[in-house]
4 protein chains.
Amino acid sequence: MAAYYLSKDKQVELSKIAQSIATPGKGILAADEPAGIIESRFAPMNIENNEENRRYYRQLLFRTKESRQHISGIILCHETFYHKTDDDDTSFPRLLTAAGIIPGITVDRGLIVLGGTDNETITQGLDGLEERCREYKKNGAQFAKWRAALKIDKNCPSQLAINENASKLARYASICQQCGLVPIVEPEVSLDGDHDLEECQRVTENVLATVYKALNDHHVYLEGTLLKPNIVTPGKDCPKTYSVEQIAEATVIAFRRTVPTAVPGIMFLSGGHNEENSTAYLNAINRVNLYKPWTLSFSYGRALQTSVLRAWKGDKNNSEQARNEFIRLARQNGLASLGRYELSN
Amino acid sequence: MAAYYLSKDKQVELSKIAQSIATPGKGILAADEPAGIIESRFAPMNIENNEENRRYYRQLLFRTKESRQHISGIILCHETFYHKTDDDDTSFPRLLTAAGIIPGITVDRGLIVLGGTDNETITQGLDGLEERCREYKKNGAQFAKWRAALKIDKNCPSQLAINENASKLARYASICQQCGLVPIVEPEVSLDGDHDLEECQRVTENVLATVYKALNDHHVYLEGTLLKPNIVTPGKDCPKTYSVEQIAEATVIAFRRTVPTAVPGIMFLSGGHNEENSTAYLNAINRVNLYKPWTLSFSYGRALQTSVLRAWKGDKNNSEQARNEFIRLARQNGLASLGRYELSN
Amino acid sequence: MAAYYLSKDKQVELSKIAQSIATPGKGILAADEPAGIIESRFAPMNIENNEENRRYYRQLLFRTKESRQHISGIILCHETFYHKTDDDDTSFPRLLTAAGIIPGITVDRGLIVLGGTDNETITQGLDGLEERCREYKKNGAQFAKWRAALKIDKNCPSQLAINENASKLARYASICQQCGLVPIVEPEVSLDGDHDLEECQRVTENVLATVYKALNDHHVYLEGTLLKPNIVTPGKDCPKTYSVEQIAEATVIAFRRTVPTAVPGIMFLSGGHNEENSTAYLNAINRVNLYKPWTLSFSYGRALQTSVLRAWKGDKNNSEQARNEFIRLARQNGLASLGRYELSN
Amino acid sequence: MAAYYLSKDKQVELSKIAQSIATPGKGILAADEPAGIIESRFAPMNIENNEENRRYYRQLLFRTKESRQHISGIILCHETFYHKTDDDDTSFPRLLTAAGIIPGITVDRGLIVLGGTDNETITQGLDGLEERCREYKKNGAQFAKWRAALKIDKNCPSQLAINENASKLARYASICQQCGLVPIVEPEVSLDGDHDLEECQRVTENVLATVYKALNDHHVYLEGTLLKPNIVTPGKDCPKTYSVEQIAEATVIAFRRTVPTAVPGIMFLSGGHNEENSTAYLNAINRVNLYKPWTLSFSYGRALQTSVLRAWKGDKNNSEQARNEFIRLARQNGLASLGRYELSN
């Protein structure tokens with residue numbers, strides 16, 4: 001039986017990477033927006049969405065030295081992964097590695113409708129994944145990301161959607177680990193809907209329980225994984241309001257019930273929350289007075305970039321201001337991941 | 001709930017195709033060997049494996065008029081699907097359709113190792129499958145094929161391998177049906193091993209039960225599917241011997257326990273059996289004195305081609321002899337699918 | 001692996017019993033109402049519900065000779081199983097056996113709420129079941145019955161209720177077979193609710209697919225089982241109306257998609273339908289123009305007894321009329337199980 | 001959906017009980033041997049196995065005041081639960097409660113063979129469990145115990161045995177919680193066999209992952225449960241030897257991968273290990289240098305009683321010595337549950 005488990009060496013390698021990413025006080029910058037999505041970020045600021053602008057913008061972020069004490073890893077998309085710096089022609093993964101930041105790569109190929117469901121989705125990308133992972137690893141990636149999405153609605157999420165998405169996440173995680181990449185497991189329960197906090201908590205617990213059962217079925221080495229879940233909140237159209245503390249407590253309880261201790265870190269996604277809320281929730285989560293055996297930190301995209309883009313405006317002359325915004329957000333979330341963020345910070 | 005089931009129109013369309021393929025007395029020619037596999041068929045006959053030889057050879061088969069009363073459908077690989085006749089530039093799918101034969105297409109992308117198992121396999125090919133299916137349908141395909149492979153060994157098949165392969169077959173079937181293609185569901189239990197007949201029967205029953213549960217989970221419309229299973233036989237290294245009748249009975253019992261009546265046809269794969277045995281087993285299966293509510297026929301590759309290639313030898317001058325061999329094999333298996341084959345035929 | 005399958009001898013024994021019960025043109029009388037339920041049948045006719053009345057009434061039914069050509073088996077409750085005839089002190093199971101009717105016994109212990117669901121139910125009775133089955137078998141029982149109940153409602157049936165009930169049915173079936181009793185597997189989808197015909201069909205298909213997967217998981221020998229399902233109908237409060245033919249077709253389609261051919265007979269329960277409808281549905285089901293590889297017959301309680309009780313009124317002087325009613329109902333349903341019932345019969 | 005979750009009040013009540021039992025430095029005395037088993041404990045010491053001896057012996061244990069700082073709960077069997085003290089006619093549950101010890105009750109009804117497996121077992125006792133639990137609760141029980149047993153062998157544990165045992169444990173837990181009893185979930189992987197440490201760890205992880213998935217499926221409130229698992233050790237006939245530290249590390253790793261943080265305590269069973277080893281393993285487990293978010297303590301039967309019985313010998317004159325032995329063992333294991341036991345203690 002032993003043959004189909006990871007070797008001890010691989011376990012040690014993966015475990016080290018995962019622990020580094022989950023260093024207390026640090027989190028992940030999700031800079032893996034594909035060209036289509038970055039469009040929606042650039043457009044409101046009147047930034048032209050061309051490859052050089054995308055490259056330049058990411059370089060700006062990656063070279064912001066003062067952010068590095070709060071950022072342990074950065075997720076790249078395929079295009080960015082093969083971009084290089086404009087002065088010394090260093091590939092971005094090498095740039096990050098040299099800066100003490102661990103480079104990661106999005107390996108899923110997006111969502112499609114899952115037949116037999118009420119327009120629920122399943123994630124594509126397993127075909128040829130092993131070859132791609134080996135190539136990314138060779139070029140400096142140390143971790144990978146795969147996003148599954150579940151929605152709360154009348155008949156949703158269906159058992160079929162939960163099971164299929166969990167099974168694909170597990171298969172992805174298994175392939176990544178064989179290639180030396182730490183899989184970030186992202187089963188996002190969407191913010192859309194008018195469900196209340198309790199409903200989100202129940203669904204999140206059910207989804208996570210299914211995901212961890214699937215990871216066990218596939219003999220995935222949990223110490224060499226990270227979780228990237230949604231924060232447990234009411235749907236964005238929920239008529240009821242909840243305090244930040246209630247949201248934080250529901251979140252911590254849900255994870256205490258489902259996520260094994262062996263997982264080094266839970267890196268929350270912002271998932272539609274704005275910068276202020278994302279930071280406030282993370283901070284409150286870390287202050288909940290319950291045993292939390294994991295690093296509880298961030299893997300934010302928009303919540304680390306909105307103010308940066310607003311400052312930059314696609315103009316190199318604004319780079320300094322943009323960098324300052326990034327430093328501010330990284331610092332605030334770094335503090336929040338320790339429960340030490342104060343509004344006055 | 002209704003929305004995520006197939007429309008009545010699509011059900012009718014798929015059901016008609018499936019029933020045509022399962023016309024009593026007819027079966028499927030599996031001519032979907034990819035270039036790599038056809039090499040192993042051509043080589044022993046000293047036939048050069050180039051694209052024109054592959055095209056010419058398939059054209060030879062497809063134009064054998066007298067075979068058509070025994071062949072209801074032919075499975076093509078991607079290359080052959082886009083080949084054309086050498087005289088009137090008709091695409092092969094159109095050639096077949098005009099000849100009253102239903103063209104099908106292999107859509108899986110082969111087997112890879114399934115991590116967390118003792119070198120068991122999983123089938124690739126779900127990424128972008130819907131787009132490919134729509135394209136094939138537009139160009140004349142009416143059905144599709146996806147092969148999953150399970151092996152019998154000390155710890156195999158594992159529950160993980162059975163579940164994962166069943167789930168992928170179901171997902172493939174769901175996508176095909178949405179695109180108007182009848183999915184041929186092929187969960188092959190390999191002939192390799194020294195297991196006895198009973199063990200093969202148990203594993204086959206377990207695999208099929210899991211596959212049909214998965215098809216139900218995905219709301220696949222069974223009337224618009226076909227099954228392509230292994231014949232239930234002892235492993236090829238099994239020290240015990242069994243009569244053709246014992247093998248036929250074990251096969252029929254296994255399918256009576258697992259395959260719903262709604263499935264129009266069970267088209268056996270030859271799976272390593274030679275021409276003689278493949279025909280004899282099929283014939284005996286149809287003679288088993290038990291209620292068998294499906295067409296029980298063939299979807300043979302090698303078992304319909306070995307003698308043909310031996311006669312052809314890659315030489316156009318031998319085309320007539322090759323065609324005669326194909327007519328003979330098609331006729332014998334057509335009779336066997338009615339239980340009317342006699343050795344003297 | 002072989003050790004934990006039934007012996008060939010036991011398979012043959014069980015298969016013979018199941019086939020006898022499923023003799024074409026015959027069905028089952030469900031006379032297993034416990035004392036509490038019989039109360040609700042006796043009360044409207046002003047019949048006192050005491051043990052002797054219960055015994056006398058069942059004796060009346062069991063001794064109706066002319067019913068025997070339409071009744072292959074009778075299900076008894078525990079009390080009736082140990083009752084005896086009043087003249088020659090013959091136990092009821094012996095009386096039935098001598099009359100060519102196969103005696104069966106209800107072995108479940110009723111429904112309780114299944115925690116963690118919206119008041120769905122689970123069936124009790126597994127504790128000590130093997131001992132009880134051995135005792136019943138020794139005293140003449142040849143088959144057993146276990147009823148699971150599912151309901152259709154906003155969140156029902158839940159996956160949990162479906163899975164748990166299927167698993168208990170399978171475990172019950174496994175125990176029965178080890179003791180030489182043919183298990184009648186009864187997963188009733190309730191008539192309560194306002195759901196339409198399509199919804200009932202989908203739920204029934206889902207439930208049956210899960211039940212047969214569970215039976216396979218437990219290695220239950222299907223040839224030695226019978227199914228007692230609901231007829232697929234709209235909920236009793238459904239605003240839409242459907243023809244008998246539509247109901248019959250939906251029923252046949254549902255079973256063709258889920259029930260293996262190896263199962264000898266499907267013996268429908270009346271489940272709240274009155275005598276007329278129960279007979280009409282059964283008749284129409286047998287006339288549906290689709291392949292139906294099982295005996296499709298009845299296992300009716302109320303639908304074989306309402307008129308009988310109305311005629312009897314608890315008065316021995318009415319025994320003749322009561323018997324005539326029973327003969328009439330048995331004959332009508334016997335004909336319906338062959339699709340030969342005409343309203344004028 | 002909310003209706004079928006436990007009320008907040010019940011959650012608080014259960015959570016308090018579970019946390020009390022899992023008080024750091026304390027553990028459970030499993031004094032629930034039924035009369036049949038106690039026979040095997042009494043016999044070697046020439047103690048007559050009659051009800052009064054059983055009652056007297058348990059009274060001796062329960063009245064040992066100095067043990068109470070190390071014993072938080074005691075599990076009773078049905079007979080003992082209704083026994084009373086011989087001087088003041090106090091029921092044992094009341095005696096314990098007054099002494100600050102939480103009384104528990106075994107509610108399962110033992111193991112039987114699970115059909116369709118290679119002599120694996122399933123636990124009985126669900127029939128009428130709710131009524132029994134309410135009765136026990138009324139009479140002072142605060143927690144319950146249910147033991148499932150899995151064995152490691154060529155084809156064992158089978159997926160069927162794992163799934164069925166997990167599902168029954170979950171159902172038991174659900175019923176207990178509705179009645180106000182904290183369920184102790186005991187999925188024991190047996191010491192029998194020659195498997196090595198790694199194999200035991202893999203099986204234990206697989207079993208626990210399945211159990212916690214089942215508990216989630218049944219919406220069991222984890223904060224109001226306790227786990228009673230085996231220590232991860234090689235089979236008793238394993239030719240390889242392992243250090244206490246290796247065993248402790250494998251144990252901690254297995255639980256870190258499968259047991260949610262929400263579970264307050266893991267109370268190991270001795271499961272065939274002798275007094276010395278049971279204490280040594282527990283001590284080493286608590287010293288493993290990994291994050292362990294639960295109380296890791298004991299729920300020992302034989303490992304807390306062998307020396308006591310040897311001292312007592314069924315003779316009231318030896319009661320003092322017996323009590324001293326019990327104090328010694330309770331103290332040693334109390335220390336071990338804090339990782340503070342030294343051989344010299």
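This is a predicted model: local features need pLDDT of at least 70, side-chain atom pairs count only at pLDDT 80 or more; totals for chains, interfaces and linings use all residues.
The side chain of B:Ser297 reaches the backbone oxygen of B:Lys26 at 2.6 Å. Residues are numbered from 1 along each chain as its sequence is written, chains are lettered from A in the order in which they are written, and side-chain values use heavy atoms, with hydrogens and water left out.

- Strand 10 of chain B (residues 295-300) holds B:Ser297; a strand is a DSSP run of E, at least two residues, numbered from the N terminus.
- Beyond neighbours within four places in sequence, B:Ser297 is in contact (heavy atoms within 4.5 Å) with residues including B:Gly27, B:Ile266, B:Phe268 and B:Ser337.

**Interface of chain D and chain A**
- Chain D and chain A each bring 27 residues to the contact.
- About 2200 Å² is buried between chain D and chain A, and carbon and sulfur atoms give 53% of this area; buried area is the accessible area (1.4 Å probe) that two parts lose on being put together, summed over both.
- D:Arg202, D:Arg257 and D:Thr261 supply 27% of the area that chain D buries against chain A, more than any other three residues.

**Salt bridges**
- The rule finds two salt bridges across this interface (a side-chain nitrogen of Lys or Arg within 4 Å of a carboxyl oxygen of Asp or Glu).
- D:Arg257 and A:Glu223 form a salt bridge through their side chains, at 3.0 Å from N to O.

Note on methods: Helices (H or I, at least four residues) and strands (E, at least two) are DSSP runs, numbered from the N terminus. A polar contact is a pair of N or O atoms within 3.5 Å; within protein, one must be able to donate a hydrogen and the other to accept it, and residues adjacent in sequence count only if both atoms are side-chain atoms.
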